[in-house]
Amino acid sequence: MDLFEYQGKQLFARFAIPVSPGEAVTDVDAAVAAADRIGYPVVVKAQVQVGGRGKAGGIKLAADAAECRTYATNILGMDIKGHTVNVVWIEHASDIAHEYYASFTLDRAAKQYFGMLSAEGGVEIETVAEENPDAIAKIHIDPVDGLTAAQCRDWVVAAQLDASVTDAAVDVLVALYRFYVEGDCDLAEINPLIVTPDGRVHALDAKVSLDNNAEFRHADWADYELTQERDVREQAAYEAGLQYVGLDGSVGIIANGAGLAMSTLDVVNQAGGTAANFLDVGGGADAKKFVSALTIIDNDPRVRSIFINIFGGITRGAEVANGIVTAIGQIDLKSPIVIRLDGTNAEEGRKILEPHLGDTLQMAPTMLDAARKAVELATR
Amino acid sequence: MSIFVDETTKVVYQGLTGSQGRYYGLLNREYGTQVVAGTNPKKAGTDIEGIPVFASVADAVQATGATASCIFIPAPGVRDAVMEAAEGGVTFVAVITEGVPAHDEAWFYNKLRRDFPQVRLLGPNCPGIISPGKCNIGITAGHITKEAVPGAKNVGIVSRSGTLTYQALYELKAQNIGVTTCVGIGGDPVPGTSFIDCLRAFEADPETHAVMMIGEIGGSAEEEAAEFIAASMTKPVSAYIAGQTAPAGKKMGHAGAIVSGGKGTAAAKMEALAAAGVKVGRNPTEAGELMVEIVKKL
């Protein structure tokens, strides 16, 4: 789950990572009121989960209330690369002497935590990695050992940060590491991590991604779920508890298992079509799940046909077929369905489907045949 | 032969008294697995259809000689359950549970490697492992597999996906090809057992003659496997990578199935595997057909 900058900064503050005083607001009057409280000059920052906000005009420096009003009016509602700005973050403007970069994430290959620190912040770290890889000091951290202040000190020296801010930088890194681990982050990144002319080190931006699997131990994450950027389809799927990802194609997909769902997207593509979504309906044969899955897909205006791809393992094909038949009986579908049913007890399942077959419900013997048929129906 | 588990493996089920643990524990026993015990600190002394329940893995090991554990404990308790298994004395731990926090996985993976190097961890978020005809630990449907036949050309399977694994097992059975062991390593970011661990074991197993590998987007485990195959494997390998059309930045069902920062794409994995001499199919069916061709030529 990706957070907005303001949410990341609010979490940073809780872990004693220095940030500028600021407030998140959703309308112009509130923006000006917040700026009056914070003290000018302020920065008005669009809250969207996409890079390049500054270039798009989503970050402005306001010297007084009038400017703040103008910028907040312009930025709220603005479209940045397909993301609408609903929230702006108002914070006291900072003077900048240096811009650094710091982050923690998981190195899946090493199976350890991975920290990156660089004196070249304020630009995409991928760019630094390409153009000047030596400017990034990297460390691996064994999760069992954790990260000590002494290691951080060596790390700061290796990254060639300004020697006068070593102590302050170490404090921020220790705090950021604690946040990364205790906060159950997939990614905790500060870019830029700035040094002010009077030698203070603090986070000017916050990029935080949380591990959804850890939600059970973070009651406060429920608030973040409410502000997740989801389209209508994804919101409906989230509420129904389905594993769903919205795509742009015209063939709706339902499969049992994440791997099978991914490969269903692949075969639709190989058959010359495009998938409208990824949807893993999971194990089991619950008719209710099929009802909500089919409803969400059929309500998608992009969808022209639906491909249900089931491979029976422990869950028997006959049970799944019954679930599908029940579901189809309960909803009035606009798009035709193509089913491929294979695996355990598949023949019995196909027999259950047979009396219901026709123009709106077709069956195909293999995954590839079903994909071709679904694509043909979608492009007809 | 088989890898990691066989007919001598004695398994204790952590979470046997829960609905999932009970369902699969009994199915595994029906298949022929030596299901010797369950654990539940509140129900020690009771039994589940004749399978004795103990307070801890240590007690179960002492009383039954269990050598492996299968964990069906809900995600919040998995970290403690894994350590209980290792401290209790088993040497193989399969975690079926989905939804374990990545920080917990990273922690117990490294803790085991350091303090319990003899313990092999499988998963989390995996279907388990089956050595057809000998032992089935986890949620794989036993009847869709064909036993390895001594003297015939048998295949080993290693996979990050559950359903695609079942499909592979099923297609090989339809072609009358036996499987020595099928390992589901799971779809999480820090899998206890890697592709390479399985490839190395299959390479060393005299009864396995070829290996089928099913990967998916995210991470670099397939690229690392390709390097290993090029350098150290003599047995032929076929592969399929799921998610060739997956969008970047989205988790595709599995916690570890995500293309981020341009890394972890199916294209890069397929290319690396093909360069290592692996026969790469564009879809599961094609990968299965390639495996059949390989076996026929052996």
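## Salt bridges and charge in a predicted model

Let's start with A:R217, which is partly exposed, its relative accessible area being 35%. This is a predicted model, and A:R217 has a salt-bridge partner in it: A:D184, at 2.8 Å from N to O. The two sit in distant parts of the chain, 33 residues apart, with A:D184 in the loop between α6 and β10 and A:R217 in the loop between β12 and α7 of chain A. A:D184 is buried, with a relative accessible area of 2%.

Over all chains, the count of salt bridges comes to 34. Here are three of them:

| Pair | N to O distance |
|---|---|
| A:D184 and A:R217 | 2.8 Å |
| A:R53 and A:D205 | 3.2 Å |
| A:E234 and B:K250 | 3.6 Å |

Take A:R53 and A:D205 next. Both are buried, and they also belong to a network of salt bridges that links them with A:E5, A:K9, A:K45 and A:E91.

What about A:E234 and B:K250? Their salt bridge has its closest N and O atoms 3.6 Å apart. A:E234 lies in helix α8 of chain A and B:K250 in a loop of chain B, so this pair joins two chains. A:E234 counts as buried at 12% relative accessibility, while B:K250 is partly exposed at 32%.

Charge also shows up on the surface: A:E120, A:E124, A:E126, A:E130 and A:E131 gather there in a negative patch. One of them, A:E126, lies in helix α4 of chain A and is partly exposed, with 44% relative accessibility.

Finally, the layout: chain A is divided into domain 1 (21-92), domain 2 (98-221) and domain 3 (232-378). The centres of domain 2 and domain 3 of chain A, taken over C-alpha atoms, are 43 Å apart.

Technical notes:
Residues numbered from 1 in each chain as written. Chains lettered and ligands numbered in written order. Predicted model: local features only at pLDDT ≥ 70, side-chain atom pairs only at ≥ 80, totals over all residues. Heavy atoms only, no water. Patch = residues over 30% accessible without salt bridge, like charges linked within 9 Å, V, L, I, M, F, W, Y side chains within 5 Å. Areas by Shrake-Rupley, 256 points an atom, 1.4 Å probe, with all protein chains shown as cover. Salt bridge = Lys/Arg side-chain N within 4 Å of Asp/Glu carboxyl O. Lys, Arg positive; Asp, Glu negative; His and termini not counted. Charge placed at Lys NZ, Arg CZ, Asp CG, Glu CD. Helix = DSSP H or I, 4+ residues; strand = E, 2+ residues; numbered from the N terminus. Buried < 20%, exposed > 50% of the residue type's maximum accessible area, 1.4 Å probe, protein only. Domains from an automatic or database assignment.
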